[in-house]
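I am opening a notebook on this structure. The entries below record what I looked up, topic by topic.

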Amino acid sequence: MAATPAVRVLERAKVAHTLHPYDPEHPSDQGHGEAAVAALGADPRQVFKTLVARVDGALTVAVVPVSGTLDLKALAAAVGGRKAVMADPADAERATGYVLGGISPLGQKKALPTVVDSSALGFGTVMVSAGKRGLQLELAPADLVCLTRARTAAIGR
């Protein structure tokens, strides 16, 4: 399996991680995160989805549990902004270098401000996209925060 930019970041930093491949095909009424949870039999509070929003016009990454939704007001507050809206999917793909459903918070083409939901800190490990559909990576939340230079805040609902 070819290493994605996200996996290469972890390998270069010598960060312990585990890759979890799964079949990315899923029903159209199911999101990519929910499909990963179902395929891997994982706890949806421990699997995180990577979303890209615009806070006062600037692209910002939000990492929230699959079990919930992103609180846009909380995201804006976390980065000192006033208003947040979801980014256009094409803008998210262009800025990160990943396709929707496979956007990883790690190894993005352009380093964007990142906020990880503080609930991640309650787990020994969390899972995020490894940079392509059908591949999750598991790592310590402290490593995720460190490597993405993220701040943590309660941004999930």
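Before placing anything, I note how elements are named: helices (H or I, at least four residues) and strands (E, at least two) are DSSP runs, numbered from the N terminus. I am working with a predicted model, in which local features need pLDDT of at least 70, side-chain atom pairs count only at pLDDT 80 or more, and totals for chains, interfaces and linings use all residues. Residues are numbered from 1 along each chain as its sequence is written, and side-chain values use heavy atoms, with hydrogens and water left out.

**Entry: V128**

I looked up V128 and found its place in strand β6. Is V128 buried or exposed? V128 is buried, because its relative accessible area is 0%; buried means under 20% relative accessible area, exposed over 50%, and partly exposed in between (1.4 Å probe, protein chains only). I then listed what V128 touches, contact meaning heavy atoms within 4.5 Å. Not counting residues up to four places away in sequence, the list is F48, V63, P105, Q136, L137, L139 and L144. I also checked V128 against L19: they are 109 residues apart along the chain, and their C-alpha atoms are separated by 9.9 Å.

**Entry: the nonpolar cores**

I use the term nonpolar core for a set of buried Ala, Val, Leu, Ile, Met, Phe, Trp, Tyr and Cys residues joined through side-chain atoms within 4.5 Å. The largest one has 29 residues, and L106, L137, L139 and L144 have the most contacts inside it. At least two residues of this core come from each of α1 (5-13), β2 (48-55), β3, α4 (89-96), β6 (126-132), β7 (135-139) and α5 (141-148). The element that gives the most is α1, with four residues. A second, separate core has 13 residues, including A53, V64, L75 and A84.

I followed up L137. Leaving aside neighbours within four places in sequence, L137 is in contact with, among others, A6, V7 and L10. The contacts of L137 also include L106, V126 and V128.

**Entry: helix α1**

Which residues of α1 are buried? I found A6, V7, V9 and L10. They lie on the same side of α1, because they cover an arc of only 155 degrees around the axis; the arc is that of the directions from the helix axis to the C-beta atoms. Among the elements covering these buried residues are β1 (18-21), β6, β7 and α5. After α1 comes K14, whose phi is positive, near 55 degrees.

**Entry: T60 and the strands beside it**

I located T60 in strand β3 (residues 58-65). T60 counts as buried because its relative accessibility is 2%. A polar atom of the T60 side chain lies 3.2 Å from the backbone oxygen of A58. Leaving aside neighbours within four places in sequence, T60 is in contact with L51, V52, A53, V55, L75, V79 and P113.

Next I looked at pairing; two strands pair if DSSP finds at least two bridges between them. β3 and β5 run parallel and are joined by three bridges, and V61 has T114 in β5 as its bridge partner. β5 and strand β8 (residues 151-153) also run parallel, with three bridges; there, D117 stands opposite A153 in β8. Within β5 (residues 114-117), T114 and V116 point one way and V115 and D117 the other way, and all are buried.

**Entry: salt bridges**

How many salt bridges does the structure hold? I counted three, a salt bridge being a side-chain nitrogen of Lys or Arg within 4 Å of a carboxyl oxygen of Asp or Glu.

One joins the side chains of D43 and R45 (2.7 Å, N to O). D43 counts as partly exposed because its relative accessibility is 22%.

Another joins the side chains of D91 and R54 (3.2 Å, N to O). This pair links distant parts of the chain, with D91 in helix α4 and R54 in strand β2, 37 residues apart. R54 counts as partly exposed, at 26% relative accessibility.

R94 also forms a salt bridge with D91, with the closest N and O atoms 2.5 Å apart. Both R94 and D91 lie in helix α4, three residues apart, about one turn of the helix. R94 is exposed, with a relative accessible area of 53%. Salt bridges that share partners join R54, D91 and R94 into one network.

Methods:
Polar contact = N/O pair within 3.5 Å; in protein donor to acceptor, adjacent residues only side chain to side chain.
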